[in-house]
Amino acid sequence: MLTAEGLCRNVITHAIPAKPSLLKALLMARSAPRRVVFVLFDDCLLLDFAGPLQAFELACETSKAGRAPYVWQICSLKGGSVKTSSGLEVMTTALADCDHKNIDTLMVGGGPGVHRAAAEAALVDWFRLAAPKARRVCSVCTGTFILAAAGLLRGRRAVTHWGSCDLLRAKHPDVSVQVDPVFVHDGGIWTSAGVTAGIDLALTLLEDDLGHREAMRIARRLVVFLKRPGGQAQFSVPLSMQASEDRALEKISSWMQENLGRDLRVESLAERAGMSPRTFARVFRQKTGRTPAKAVEELRVEAARRALEESASPIKEIAARAGFQSEEHLRRAFRRRLNVLPHDYRVRFHQG
């Protein structure tokens with residue numbers, strides 16, 4: 001999508017006929033900083049808004065355009081001091097004093113107090129009024145519940161913290177809840193997964209506005225190892241196995257990760273676990289939320305992804321080491337899991 005800045009450049013470079021009033025409007029749009037509004041509530045999670053805020057601040061510090069590309073405002077329903085879940089208090093502006101007609105990016109986080117906030121009629125009504133006028137509306141972690149309460153996610157795909165997906169689905173059956181992604185973009189609405197996913201989301205918003213090079217420079221300033229794509233799973237296979245608190249399953253998981261090139265079909269894994277294939281498949285899915293076949297593919301994709309980031313090895317060699325039958329099988333798995341091809345992934349995320 002062509003930004004106002006790009007359009008200005010196009011008009012000037014190629015001498016596209018335009019009225020003076022149009023050129024003036026475009027130049028004003030180019031010079032005007034984008035306004036970002038963060039909405040807080042009592043018992044919100046500090047990192048949900050502090051992480052994205054830091055990314056926007058660094059965009060202003062590192063800008064080479066001679067101007068700050070963003071300004072921001074931190075608001076709450078009543079204004080004044082808002083106590084976060086960690087006990088740290090943040091001074092805010094009342095939403096009644098926040099001009100909802102001139103918001104570029106509207107962002108709300110989550111936290112222990114999110115369900116009380118989502119029940120506040122005045123807060124929800126403000127979101128209903130302000131959201132359609134903003135260029136984009138974003139939630140971090142369980143902030144998704146506030147957008148859902150305002151009816152902004154009706155008929156849309158959305159994600160939240162993996163531990164709250166079932167609750168979001170139960171409370172808002174009109175929302176298509178996605179369990180795996182780090183973040184989801186549906187129309188002008190962006191929702192993201194737990195806590196640090198807000199930084200991934202902010203970096204993607206910055207990339208849309210300022211370009212890939214600037215976003216990666218900000219990521220380096222944040223010492224973020226990798227700017228994760230939205231389609232990457234928020235809760236990896238090894239983590240899901242550890243979270244199951246099943247030592248036998250954790251042992252199988254460790255063995256699988258260390259032996260990706262071996263036969264990892266259900267029959268082989270079941271034999272190693274001392275179960276019948278049917279029982280193993282049932283227990284595995286119950287504990288991890290995945291079939292064994294899906295888990296194996298995700299483990300292999302994770303291994304290949306790390307190799308693409310960290311090494312210059314040929315993709316064919318990486319595919320073999322990760323346990324894929326061929327480079328083509330790796331390409332298909334990458335497209336399914338990450339919606340990107342291995343070569344394109346390396347170009348974007350290689351750490352060399």
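Student: Which helices do the buried residues of H9 pack against?

Tutor: The buried residues of H9 pack against helix H3 (46-61), helix H8 (197-210) and helix H17 (342-349). Helices here are DSSP runs of H or I with at least four residues, strands are runs of E with at least two, and both are numbered from the N terminus. This is a predicted model, in which local features need pLDDT of at least 70 and side-chain atom pairs count only at pLDDT 80 or more, whereas totals for chains, interfaces and linings use all residues. Residues are numbered from 1 along each chain as its sequence is written, and side-chain values use heavy atoms, with hydrogens and water left out.

Student: Which residues of helix H9 are buried?

Tutor: In helix H9 (residues 212-221) they are Glu214, Ala215, Met216, Ile218 and Ala219. Buried means under 20% relative accessible area, exposed means over 50%, and partly exposed lies in between (1.4 Å probe, protein chains only). Just after H9, Val223 takes a positive phi of about 55°.

Student: Why is Thr191 called buried?

Tutor: Its relative accessible area is 1%, and the limit is under 20%, so Thr191 counts as buried. Thr191 lies in strand S10 (residues 189-192).

Student: What does Thr191 touch?

Tutor: Leaving out residues up to four places away in sequence, Thr191 touches Ser139, Thr144, Leu147, Leu153, Arg157, Ala158, Val159, Phe183 and Val184. Contact means heavy atoms within 4.5 Å. A polar atom of the Thr191 side chain lies 3.0 Å from the backbone nitrogen of Val159. For a polar contact, the pair must be N or O atoms within 3.5 Å; within protein, one must be able to donate a hydrogen and the other to accept it, and residues adjacent in sequence count only if both atoms are side-chain atoms.

Student: Is Thr160 buried or exposed?

Tutor: Thr160 has a relative accessible area of 0%, so it is buried. Thr160 is found in the loop between strand S7 (157-158) and helix H7 (165-171). A polar atom of the Thr160 side chain lies 2.9 Å from the backbone oxygen of Cys141.

Student: Why does Cys141 count as buried?

Tutor: Because its relative accessibility is 5%. Cys141 lies in the loop between strand S6 (136-139) and helix H6 (144-149), and has a positive phi of about 55° although it is not a glycine.

Student: What makes Asp43 partly exposed?

Tutor: Its relative accessible area is 28%, so Asp43 is partly exposed. Asp43 is found in the loop between strand S1 (34-40) and H3, and its phi is positive, about 65°, although it is not a glycine.

Student: Why is Ser326 called partly exposed?

Tutor: Because its relative accessible area is 28%. Ser326 sits in the loop between helix H15 (315-321) and helix H16 (327-338). Ser326 and Lys316 are ten residues apart in sequence and 7.1 Å apart in space, C-alpha to C-alpha.

Student: How much of the protein chain counts as buried?

Tutor: Of its 352 residues, 49% count as buried. The chain has 17 helices and ten strands. Among contacts between residues at least 6 apart in sequence, 64% join residues at least 24 apart.
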